[in-house]
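This report goes through a single protein chain, from its overall make-up to selected side-chain arrangements. Please keep the sequence and the 3D view at hand while reading.

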Amino acid sequence: MSVTFRISDQILKLDDVSDATVAVVHKYDAFLNLLHTGNYAFLRDAAREALRFLVSAKYPDLERLARENWSRPELAKRHASIDALLGKMPLRDRKAATLDIATGGGKSFLMYGLAAIALAEGLVDRVLVLCPSLTIEDGLLEKFNALAGNQELTAIMKELGAVVAIPGIKRGNETIQQGDICIENIHAVYTNAGSSIADSFKGHGGRTLVLNDEAHHLFSPDDSDESSMKKWLQFLVSPEYGFRYLINVTGTPYTGNDYFPDVIHRFGLKQAIESKVIKKPDYVLEETHKKQSWDKIYAVHQENVKEYGTKLRPISIVITKDIAECVEQWQSLVAYLVKKEKINSAEAEKKVIWVTSGIPSNKAAKARVEAAYSPRDSKDSPDKRRKENLTALKKVDDPASPVEWIVSVSMLTEGWDVKNVFQIVPHDSRAFNSKLLIAQVLGRGLRVPSCLEIQPLVKVTNHEAWTDEIANLLKDVLEVENTLSWGFDSRREEYIFPLHNLSYELVEQTVETKKQKAMDIKLVLKPQSLKSTEYVTFSESGTLAMEITHENTEEIEYAVCTLHDFINEKDKKVGEKWPKNRIRKLIKDALIVGGYDDTFLSRENLSLVQQAFGPLFRDTDKEHPRMTNTAKSLFMVDYRDSMRQSFSESRVKESGAVYHVDGDVKPFGKDETHLWDQYCKWVKMAEAFGNETPENILEITRRLHMVDANRFKTPSNVLYASHEPERKFSDLLFEVSSLIEAFIKPPDRGCYSFPYSYKPAKTGKTHAVNEFFNPDYFIRLKDSHDVMVVEIKHDGDDSSRNKAKYRDGKAHFERLNEALVAADEPWRYHFYFLSPEDYTGFFDRVRDGKFKGWSAGLMVELGK
């Protein structure tokens, strides 16, 4: 059964409407109304909820609040027990909670408001604001000083009879007195370097409010500390201080992919985007160029310059997984700009800065940094440049700043308040592979410049190879994924029929001995060009065309010399038979036959030429055992025992479809009923309002298809089709239901499978890979023991893997039928590979009974 975790369901709810609590919460409405105006009015609710928790006598600590909320079934779904929930709350024995406020949502103003109200009400005597870096500390000090000096805010506090109307704003190296707000970076607290924190707060924790900014650092793993508890957290729970009131504020409340369990208010990325407080992410859906390249990134950057350049200087940021890679990619980008814009290195380095929290202490990583960084003079060093870059970072939004590119690490403790970011480039999936990292990386580019009147987009130019991974995690961060499960439904058992299979064992079938070396070379090269026009489709802005320069090429003569040396090193006798002129002719003839430019050779094709010579070097009179999967015994697969599958709301919107029985009010179990009922309500809304229905609702309802009960001849609760070819086939399958007895769409794994082998197309792969094939549909014909086994593919999908699947699948079902005959079983299986252009022909053959031996167009291509 699929379990859905709505982030909104994980928020701890406060239930204290007592007169005493309400009086305090709303006492400061005028102050909050003035502090949080316009689009940021949502912060008033966040402040009130935090204040409600802090002053409520009903909740002496976080544990009391958690236990009260435990009665809600949504929490029980996520946590095994109340003890498991409490075990994730290290601050449960005090008034501690988290506020989830999207990056760019005004967290600094929220924290000032809480600090000022806590002092004004006399709830505490002092406030300690902790942050992860000196840069953030400087930013908070600037904002807090400005707010403390705001005469209108002060006048309101005085009118309310505040205990402290004007709080003092101090650093940690000053003596902190009653009525003061102290702002300190946590590293200064660890080292006690000039900090008076110990002197000012020891023994006063019970009358101190601690505000933890960027609190995800508080609970995130610390590789440098063997203890599971971070030093920041150790400081907060220290009995020497006895801190009682703690509010954590963050826009990324995740430990890895786990959402914080102590959040009492949330204004997440989704709400911030809808409220137009921040930019809207615009990420890659698909692209024709399969490799990440500076050409692509540069093209997107220039598109942003064209869109926003008249009002500001758009900035692109590249996110790497670690510091060494950060400096290496900075060097690579500088070199690219030198060549692309025809400028010198000094000019390029003014346009590109790299930002990290330090220089690695690890010897190997440090060596990589030093190798990548070119000192400007004898006094220069990576750390000196790093500090200069941090200073430059504070001014990159200024019109006078030359910076257009920033290379940074994913998990950065330094402050980031840059508004001109319009492109985010995750250089490696490891820099973007958790909800915490995605939320933090997105936060680098979400703030909106004040000079823009409309909500801008921030493009996320990710690798096509992990587009799905990023898209799904991103959607999890923006809006939790709703999922539903499908599989065997006992109410529909009449449509069960046996699925016969064969067990296989890998055995040595033959031993091959080469008596003589290969003499001929079969050379087929891949398409190559020096430049190509490629296309990237973004989720919001659509398709962008760009010219890509292919750098990985060699001149023909260089390739010929390289191959000649390679051959002679391997076998001088072969080298004598393959002089340079013969190698040159071999390459040029293969390029001409392919219709490709024969003035150069791509490095990929150079590798293919090198591979083609491989058989000439194989040893003779040496045994080479050949292993093969051999069919053994016949056995039955019972669909009733198969695992359930799940599909997400986003997958349905993008490419899927859900088919369900007309009139079936309960196709899903109790945990999923709420979501399905919501979908059904949306269907009725769409029927009533037509095109006036909100688009986000129509995206779902268009993909829900009702099927008459007498046509829905499958033993599952619903049928899910994952992509367009499957949707089209399913549509026709229900249309011709009178021709079939039943059909089964097995899970992608854990049900019906058999082995197949293929040679990957990737360069350098010469040995077969063994995998398992799971066909898409098993269709039992009407009043028959004939079962049609169908695998669905896109038109023209004749890849080497599909050719292997077709070859081995055809052999499997031939062997299976032979085994069924031997076992005196009446069942027979007929195997088909179909693409949409084959569907009508396939169902025509089913209808006229001439399906035996029929081949679809795709099958002909795969059989070549």
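## Basis

This is a predicted model, in which local features need pLDDT of at least 70 and side-chain atom pairs count only at pLDDT 80 or more, while totals for chains, interfaces and linings use all residues. Residues are numbered from 1 along each chain as its sequence is written, and side-chain values use heavy atoms, with hydrogens and water left out.

## The chain as a whole

The protein chain has 32 helices and 32 strands. Both are DSSP runs numbered from the N terminus: helices are H or I with at least four residues, strands are E with at least two. Of the 864 residues, 52% count as buried; buried means under 20% relative accessible area, exposed over 50%, and partly exposed in between (1.4 Å probe, protein chains only).

The accessible surface of the protein chain is about 39600 Å², and 48% of this belongs to carbon and sulfur atoms. Areas come from the Shrake-Rupley method with a 1.4 Å probe, and for residues only the protein chains shown count as cover. Among contacts (heavy atoms within 4.5 Å) with a separation of 6 or more, 78% are between residues 24 or more positions apart.

## A seven-stranded sheet

Seven strands form an open sheet in the order β3-β4-β2-β5-β6-β1-β9, with parallel pairing. Two strands pair if DSSP finds at least two bridges between them. At the edges are β3 (168–171) and β9 (263–267), each of which pairs on one side only. Direction ignored, neighbouring strands of this sheet are turned by 20° against each other on average.

Strand β1 (residues 95–101) pairs with strand β6 (residues 245–250) in the parallel sense over six bridges. L99 stands opposite V249 in β6. Helix α8 (residues 134–148) packs on the sheet and touches β2 (126–131), β3, β4 (180–185) and β5 (208–213); the direction of α8 makes about 165° with that of β3. Axes are lines fitted to C-alpha atoms, for helices over the stretch in contact, and angles run from 0 to 180 degrees between N-to-C directions.

## Aromatic pairs

Rings of Phe, Tyr and Trp (its six-membered ring) pair if their centres lie within 6.5 Å; planes under 30 degrees apart count as stacked, over 60 as edge-to-face and the rest as tilted. By this rule there are 40 aromatic pairs. The ring centres of F734 and F743 are 5.8 Å apart and the planes are at 70°, so this pair is edge-to-face. Both F734 and F743 are buried.

Y806 and F833 are also an edge-to-face pair, with 6.0 Å centre to centre and 85° between the planes. Y806 lies in helix α30 (residues 800–822) and F833 in strand β32 (residues 828–834), so the pair ties together parts 27 residues apart in sequence. Y806 counts as buried at 7% relative accessibility, and F833 is buried at 0%. One aromatic cluster includes Y806, F833, Y752, F754 and F813.

## Charges over rings and positive phi

A charge sits over a ring if NZ of Lys or CZ of Arg is within 6 Å of the ring centre and within 35 degrees of the ring normal. R244 lies over the face of Y245, at 5.6 Å from the ring centre. K459 lies over the face of F538, at 5.4 Å from the ring centre.

K276 is a residue other than glycine with a positive phi, near 60°. K276 lies in the loop between α14 (269–274) and β10 (280–287) and is exposed, at 54% relative accessibility. D824, likewise not a glycine, has a positive phi near 60°. D824 is in the loop between α30 and β32, and counts as exposed at 70% relative accessibility.
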